[in-house]
Amino acid sequence: MAAGGATPIGPAVARAGSPAGPSTPGTARAAAAPTAPGHSDVERAAELHALAFIADARVAAGLNALQVDPGLESIARSRATDMRDRAYFAHVAPDGHTVFDMLVAAGVAWSAGSEVIGWNDEPTADASAARVVGDWLASPSHRSDLLASDSDRIGLASAVDAASGRRTWAAVLIVAAVRAPPVATVRVASIGPRDATGQRLVTISWSAHAMAGPGSMPGLLDVTVQLRTASGPWRTIAADTTASSTRLRLPTGHAAVVRVRPRDRAGILGGWASVRIAP
């Protein structure tokens, strides 16, 4: 493809689910993230210029500015670097993964998203930034993604081939979704007879799941289980476990409460679910 080429996002564009409402308008110019390791200040400044060009285009179109998201920037940088290092230019990597796979793996809450990519061999980083954004805005499919009215977050990055001077660019835009917290249920599965020490073997089981719908893709990670006997303090008996049950020896004649709290892969905590164990 000729220098400065850009490829349409094509059928890989994710525009599904219930779009979240727009975030509080911000400005791309205010999001000067630290320079990535191995990435020069000149390259970082060019990326900020590209973000400013996109912000200007959105403002001119009467749209909300995009919030620059460090997590999306990290994904965009991985995409640009991967295309440079493995010498390809496509939305699907040679091993078959896409930016959407990366969003899910990173635990990003999103209900719609798109990726735009481009490259050129302009002699300076700033000229490359101006060229790639200009090419994107001149392409109907890319312009549609950059000026999508429901998008509210962006990550953008570039990677330069020192030998050829070719710069590869990637931008990831999403409609952020508010993630529903995971939900757990817990029950007393069995209570054994009193033994010679006056204790009973009690089996507690639980289930937990991430809520269905936009932003729930990462799924469940683990649960924390706590026990309280009589009016004493809560005591953690299993932290960050993927198990679904536990067995406890509890004294006969004393009530106890067990509670379970789930956590999904994005780190979102659900509420406590509890069950009382009769004396």
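This is a predicted model: local features need pLDDT of at least 70, side-chain atom pairs count only at pLDDT 80 or more; totals for chains, interfaces and linings use all residues.
Visitor: How far apart are the closest N and O atoms of Glu115 and Arg79?
Guide: Glu115 sits in strand 4 (residues 110–120) and Arg79 in helix 2, so their pairing ties together parts that are 36 residues apart in sequence. Glu115 is buried at 1% relative accessibility, and Arg79 is buried at 1% too. They form a salt bridge whose closest N and O atoms lie at 2.6 Å.

Visitor: Arg77 pairs with Glu73 in a salt bridge; how many residues apart are they in helix 2?
Guide: Their N to O distance is 3.5 Å. Arg77 is buried, with 13% relative accessibility, and Glu73 is buried at 8%. Both belong to helix 2 (residues 70–85), and about one helical turn separates them, as they are spaced by 4 residues.

Visitor: And Asp195, is that one buried or partly exposed?
Guide: Asp195 lies in the loop between strand 7 (183–191) and strand 8 (199–209), 54 residues from Arg249 in strand 11 (residues 245–251). The two form a salt bridge, with closest N and O atoms 3.2 Å apart. With 27% relative accessibility, Asp195 counts as partly exposed.

Visitor: Which residues do salt bridges with shared partners join into one network?
Guide: Arg77 and Glu73 meet in a salt bridge. Through shared partners, the network consists of Arg44, Glu47, Glu73 and Arg77.

How values were computed: Residues are numbered from 1 along each chain as its sequence is written. Side-chain values use heavy atoms; hydrogens and water are left out. A salt bridge is a side-chain nitrogen of Lys or Arg within 4 Å of a carboxyl oxygen of Asp or Glu. Helices (H or I, at least four residues) and strands (E, at least two) are DSSP runs, numbered from the N terminus. Buried means under 20% relative accessible area, exposed over 50%, partly exposed in between (1.4 Å probe, protein chains only).
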